[in-house]
Amino acid sequence: MNRLDCIGEPCPLPLMKAEKKIKKLKIGEKLYIEVDHTCAMTNVPEWARKRGYNVEIEEVTFGEWQITVTKTK
């Protein structure tokens with residue numbers, strides 16, 4: 001499974017890790033990114049949508065989110 005645990009990491013680390021990891025994925029694969037900083041919860045989905053990827057966000061516990069990015073191209 002393609003998972004990035006970015007709990008406790010401030011911006012821009014989660015975004016930088018996501019950019020690097022998604023380059024290695026094939027079209028249709030998903031990247032699961034776990035974050036607990038609100039700026040990452042905003043910046044990572046915004047970055048992914050600008051590149052045309054599908055994004056889903058789920059708050060797993062109060063203040064922690066899982067961002068699922070599906071590589072579409």
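# A walk through a predicted fold

In helix α1, the buried residues are Pro14, Ala18 and Ile22. Buried means under 20% relative accessible area, exposed means over 50%, and partly exposed lies in between, using a 1.4 Å probe and protein chains only. Seen down the axis of α1, these buried residues fall within an arc of 55°, so they line one face of the helix. That arc is taken from the directions running from the helix axis to the C-beta atoms. What do the buried residues of α1 pack against? Their partners are β1, β2 (30–35), α2 and β4 (64–70). Contact here means heavy atoms within 4.5 Å. Helices (H or I, at least four residues) and strands (E, at least two) are DSSP runs, numbered from the N terminus.

A word on the model: it is predicted, so local features need pLDDT of at least 70 and side-chain atom pairs count only at pLDDT 80 or more, while totals for chains, interfaces and linings use all residues. Residues are numbered from 1 along each chain as its sequence is written, and side-chain values use heavy atoms, with hydrogens and water left out.

Now to the cysteines. The structure holds one disulfide, a term for a pair of cysteine sulfur atoms within 2.5 Å. Cys11 and Cys39 form this link, with their sulfur atoms 2.5 Å apart. It joins distant parts of the chain, 28 residues apart: Cys11 sits in the loop between β1 and α1 (13–22), and Cys39 in helix α2 (residues 38–50). The link of Cys11 and Cys39 is right-handed, with 125° about the S-S bond. Cys6, in contrast, is in no disulfide, and the nearest cysteine sulfur, that of Cys11, is 9.8 Å away.

| Residue | Relative accessible area | Class |
|---|---|---|
| Cys6 | 1% | buried |
| Cys11 | 27% | partly exposed |
| Cys39 | 31% | partly exposed |

Next come the aromatic rings. The structure holds one aromatic pair. The rings of Trp47 and Tyr53 have their centres 6.0 Å apart and their planes at 70°, so this pair is edge-to-face. For such pairs, rings of Phe, Tyr and Trp (its six-membered ring) need centres within 6.5 Å; planes under 30 degrees apart count as stacked, over 60 as edge-to-face and the rest as tilted. Both Trp47 and Tyr53 are buried.

The strands are worth a look too. Strand β3 (residues 54–61) pairs with β4 in the antiparallel sense over seven bridges; strands pair if DSSP finds at least two bridges between them. Thr61 has Glu64 in β4 as its bridge partner. Together β3 and β4 form a hairpin with two residues between them, and Gly63 in the turn has a positive phi of about 85°.

Finally, visit the two ends. Asn2 lies in the segment before β1 (3–5). Leaving aside neighbours within four places in sequence, Asn2 is in contact with residues including Lys21, Leu25 and Tyr32. A polar atom of the Asn2 side chain lies 3.3 Å from the backbone oxygen of Lys30. Such a polar contact is a pair of N or O atoms within 3.5 Å; within protein, one must be able to donate a hydrogen and the other to accept it, and residues adjacent in sequence count only if both atoms are side-chain atoms.

Thr72 is found in the segment after β4. A polar atom of the Thr72 side chain lies 2.6 Å from the backbone oxygen of Gly52.
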